[in-house]
Amino acid sequence: MIDRLLFKIEGSRHIMIKLVGLYVLQAFLILGQGLSLAALLTGLWQGHSLSSQVYGLSGFIVCYLLRYGLTEISNSWLDKYSADAAQNFRQQLLKRVFALGPVIVQREGTGNMVTLALDGIKEVENYIRLIYSKVISMMIIPVIILIICFWLDWISGIVMLLAYPLIVLFMIILGYAAKAKADRQFAAFQILSNHFIDSLRGIDTLKYFGLSKKYSQSIYRSSERFRKSTMSVIKVAMLSTFALDFFTTLAIAILAVFLGLRLINGHLLLFPALAILILAPEYFLPIRNFASDYHATLNGKNSFHAVLRILKMPLPKRPAVELHQWTGTDELNFKNVGFMYPQNGSELTNLDLTVKGNQKIGIIGMSGAGKTTLINLLSGFLAPTSGQITIQGQKVTTLDIHDWQKQILYIPQTPYIFADTLKNNIAFYTPNVSEDKIKEAIHVVGLDGLVAELPQGLDTMIGSGHRALSGGQAQRIALARAFLDPKRRVMIFDEPTAHLDIETELELKKRMLPLMEKRLVFFATHRLHWMKQMDYILVLKNGKLIEQGTYQQLLDEHDYFTELIDQTRGKGIAHE
């Protein structure tokens, strides 16, 4: 449960010093509370009136109120510190994920990364708050109480001292069992998260092939594994909590028997006996709290280490290459380039490609052919595992180059719509652009109808939790962003119309083609009606570039490209 790395977080030294001081004060207030109550009960037992015990009663009330006042202060400090630390971890995690690129998401799984950034960081926040509170109180309060109990009666002090390690030993034994089960639960949760996200992404394809109901059984099996592992953890948690409560209660009962016998035999006075009996539960309380919260922190500890593992991953080294703005005379060359995913085997092999100047390059192939991988190589999100890249006459190992990426306009299948106004969403990459330019972009991409429908026009909030948009409207916003940023001369499209119906796609096509003029465009799609407007076409199959050339050249070869055309001709869109 105690992780040394947790005490190396930024600001940990400061909060620990504050908490140590606070818990020392709280320990003395617990002593004052116990001793005052013992004095009060002793005086009443000896026949004194309640009014004569006003000091004991007042001392108990004051110590009680101050003690729980300090508890509230420590809780507020820990809440703020853990929230700030968690927010800092979330920012670092997101920065590292963006810096590492899509390769880290593909390796770890989208569901796992989303869960880690949201629920995982929340678990880390709870972990920090509980650990700092429980560990520091356990290190201070029992020690101070034990010293006073030795001073009051050394035999009782020995009994308390001997009982403590036995409880710690039992807690460690159960803790190891709980940790093993919690690790399995965390692994099952990661699998379930990835499985669920992948299922949502592919639900349309599964329904298209009539496999959605059959695939639901796979989700059910994953959720069942997670349910069983969770119930296993809960069983151990309940058992250990019961056992620790039992042993601490038994230790207090044994102590009470010793005190009672020695009190009857006249070897001990009433005041120290009462004081020790009142302080004994407080002596064991920190370790009981520590043990009961152990299971609540296991997921937080796993999430904490998962975050640290990603933060420690080395960043890819960017080539120290200076590139100028892409022009009609520049050249990009791939020679024998390949990429292999760590676990899934080869994805692209022996890719030879030469791109010159401004042109529209179509990238086609069936699902799994390697289109997205090639797009990620071109955008610099992935680094080739073999081969050589030459750009503007300079040899590089990856296109993860700042001067290259700052001239790219990337439009994915589902553009991200921020929870902001329509105006700010369109002007996201060009925040200082005039409103007239924004209105011009809206007209060019065909968003006039949407603006007319919105109650506050350009100032209407859209995005998550606000005005919902269709897939076509989201793509038009992405195109409007591209229109407002004429300095970026390279456009990369990754299946931008994959989720649109054909009518919407053909309407959007009329808006997109003019934006591609005098730019270098890479357009990955499986919808072949785009290819007639492309200047050059790359045909991928099973991770290999098997054909390349103009539309007419590929038709004349009567090879795989022609086969794809024939397959889609029945849908009426191949030659639009």
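Tutor: Helices (H or I, at least four residues) and strands (E, at least two) are DSSP runs, numbered from the N terminus. This is a predicted model, where local features need pLDDT of at least 70, side-chain atom pairs count only at pLDDT 80 or more, and totals for chains, interfaces and linings use all residues. Residues are numbered from 1 along each chain as its sequence is written, and side-chain values use heavy atoms, with hydrogens and water left out.

Student: What makes strand 11 and strand 12 a pair?

Tutor: Pairing takes at least two bridges, and strand 11 (residues 536-541) is joined to strand 12 (residues 544-549) by five, running antiparallel. One example: Ile-537 has Gly-549 of strand 12 as its bridge partner. The two strands make a hairpin with two residues between them, and Asn-542 there has a positive phi near 55°.

Student: Which way does strand 3 run against strand 11?

Tutor: Parallel: strand 3 (residues 360-364) is joined to strand 11 by four bridges. Ile-361, for instance, is partnered by Tyr-536 in strand 11.

Student: Why is strand 12 called an edge strand?

Tutor: Look at the open sheet of six strands, ordered 6-9-10-3-11-12 with mixed pairing. Strand 6 (408-411) and strand 12 are its edge strands, as each pairs on one side only. From one strand to the next, the twist averages 15°.

Student: Why are helix 15 and helix 16 called roughly parallel?

Tutor: Two packed helices are described by the angle between their axes and the distance between the axes. Axes are lines fitted to C-alpha atoms, for helices over the stretch in contact, and angles run from 0 to 180 degrees between N-to-C directions. Helix 15 (residues 471-483) and helix 16 (residues 502-515) have axes that cross at roughly 5° and come within 11 Å. Angles under 35 degrees count as roughly parallel, over 145 as roughly antiparallel, 65 to 115 as roughly perpendicular and the rest as oblique. So helix 15 is roughly parallel to helix 16.

Student: Which residues make that contact between helix 15 and helix 16?

Tutor: Contact means heavy atoms within 4.5 Å. Helix 15 brings Gly-472, Gln-475, Arg-476, Leu-479 and Phe-483, while helix 16 brings Thr-504, Glu-507, Leu-508, Met-512 and Leu-515.

Student: What about strand 6 and helix 15?

Tutor: Helix 15 lies across strand 6 and strand 9 (490-494), and runs at about 175° to strand 6.

Student: How do you know that Asp-84 and Lys-80 form a salt bridge?

Tutor: A salt bridge needs a side-chain nitrogen of Lys or Arg within 4 Å of a carboxyl oxygen of Asp or Glu. Asp-84 and Lys-80 meet at 3.0 Å, N to O. They sit four residues apart in helix 2 (residues 54-100), which means about one helical turn separates them. The whole structure has 16 salt bridges.

Student: What makes strand 4 and strand 5 a hairpin?

Tutor: Strand 4 (residues 386-391) and strand 5 (residues 394-396) pair antiparallel over three bridges. Two residues lie between them, and Gln-392 in the turn has a positive phi of about 50°. Strand 4 also pairs with strand 1 (residues 331-341), antiparallel over five bridges. Ile-389 is the bridge partner of Phe-334, and Val-396 in strand 5 is the bridge partner of Ile-389.
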